[in-house]
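Keep the model open as you read.

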Amino acid sequence: MAFLQLNALSKRYGAVDAVVATDLAVEKGEFVSLLGPSGCGKTTTLQMIAGFVDVSSGQILLDGRDITHAKPASRGLGVVFQSYALFPHMTVRDNVAFGLKMRKVPAAEIASKVKTMLDLVRLAPHAERYPRELSGGQRQRVALARALVIEPPVLLLDEPLSNLDANLREEMQFEIRRIQCAVGITTLMVTHDQAEALSISDRVVVMQAGRVTQIDAPYTLYEHPRTRFISDFVGKANLLPGDYDEFGAPQVRHASGDGELTLSLRPEKVTLVDAGSGRVQGKVLDSYFFGSQWLYRIHTTLGEITVVRSNDGSAPLGCGAAVGLDWHAGLLRVLAVDEVHA
């Protein structure tokens with residue numbers, strides 16, 4: 001049995017199904033992200049695990065123990081809130097020590113554990129500062145240290161990076177993963193940001209309208225999305241009409257009509273070639289520079305196609321430039337019809 005197990009977990013608010021029969025098995029030491037748009041049920045799922053929201057039906061098992069209806073304090077889980085919820089009148093050291101003091105841990109042991117944790121999150125030099133004297137990233141690390149110092153069986157992270165600016169958010173993604181790996185703690189993170197989920201998770205759980213639609217390793221999720229929703233939500237995708245060829249392989253439909261298949265083709269898998277060659281012809285509508293890469297919008301007979309090309313130092317293509325587009329047929333992904341409607 002998995003270390004943390006959700007069995008048909010559901011939450012209803014009157015006639016509204018916020019979370020529907022969710023099954024999830026998380027192994028010990030695993031980092032799993034719940035990913036989805038606002039209102040998809042990911043935060044409600046996390047809050048049910050934490051004990052902050054009552055379960056309508058289903059079961060939560062932690063290391064074989066049924067905690068479905070246990071009080072939050074008796075579960076002993078570590079939680080980091082979106083707002084960090086630090087005590088403004090306490091120093092960094094006292095914030096981190098708070099949970100241990102509530103558990104009446106001996107003073108010498110508290111001092112030792114707090115020192116170890118502050119070293120881990122690289123905040124030992126700031127132990128006597130107050131939250132108002134810290135940066136956003138530092139406050140987040142204090143919240144992590146406070147959650148981890150009690151040695152919880154599971155760490156729950158609720159949108160932990162949403163209050164940070166873009167550069168710091170990327171830096172802190174790797175910091176969270178470093179700390180999680182160092183401690184070896186089982187972790188569930190809620191996020192609406194696919195880049196966060198893909199970059200630091202062992203597995204990603206995509207949720208839509210209260211239901212789990214796909215659970216996979218980040219690479220598998222990105223390369224083999226099951227539905228149109230997942231293809232669109234996890235990264236960028238070109239959605240093209242398609243059919244099966246005589247060998248049963250998917251191919252883009254160039255004739256008029258929708259085709260029997262919807263095919264997904266990632267923008268970075270499309271190659272720009274000389275006009276007159278390739279699988280389809282087009283003209284550049286716009287180009288956008290992102291430093292390491294260029295993004296092009298190309299008008300074609302298949303509709304608009306987005307192309308991402310690595311920045312190799314050469315000059316960009318100008319608007320109106322004629323180009324050919326090519327791709328390896330094996331990179332086309334057949335998408336299932338979305339069964340969930342948000």
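**Helices and their neighbours**

In H6, the buried residues (under 20% relative accessible area, with a 1.4 Å probe and protein chains only) are Leu 168, Met 172, Gln 173, Glu 175, Ile 176, Arg 177, Ile 179 and Gln 180. This is a predicted model, where local features need pLDDT of at least 70, side-chain atom pairs count only at pLDDT 80 or more, and totals for chains, interfaces and linings use all residues. Residues are numbered from 1 along each chain as its sequence is written, and side-chain values use heavy atoms, with hydrogens and water left out.

What covers these buried residues of H6? The cover includes strands E3 (31-35), E7 (154-158) and E8 (186-191), along with H4 and helices H5 (136-148) and H7 (194-200). Helix H6 runs over residues 166-183. Its 18 residues should span 26 Å at 1.5 Å a residue, and its end C-alpha atoms are 26 Å apart, which agrees.

Now turn to H3. The axes of H3 (residues 92-102) and H4 (residues 107-120) come within 10 Å and cross at roughly 125°. Val 92, Arg 93, Val 96, Ala 97, Leu 100 and Lys 101 of H3 meet Ile 110, Lys 113, Val 114 and Leu 118 of H4 in the contact (heavy atoms within 4.5 Å).

H3 also packs against H5, at about 30° with axes 7 Å apart. H3 is therefore roughly parallel to H5. Here Val 92, Asn 95 and Val 96 of H3 contact Val 142, Ala 145 and Arg 146 of H5.

Methods
Axes fitted to C-alpha atoms, helices over the stretch in contact; angles between N-to-C directions. Helix = DSSP H or I, 4+ residues; strand = E, 2+ residues; numbered from the N terminus. Expected span 1.5 Å × (residues − 1). Buried < 20%, exposed > 50% of the residue type's maximum accessible area, 1.4 Å probe, protein only. Parallel < 35°, antiparallel > 145°, perpendicular 65-115°, else oblique.
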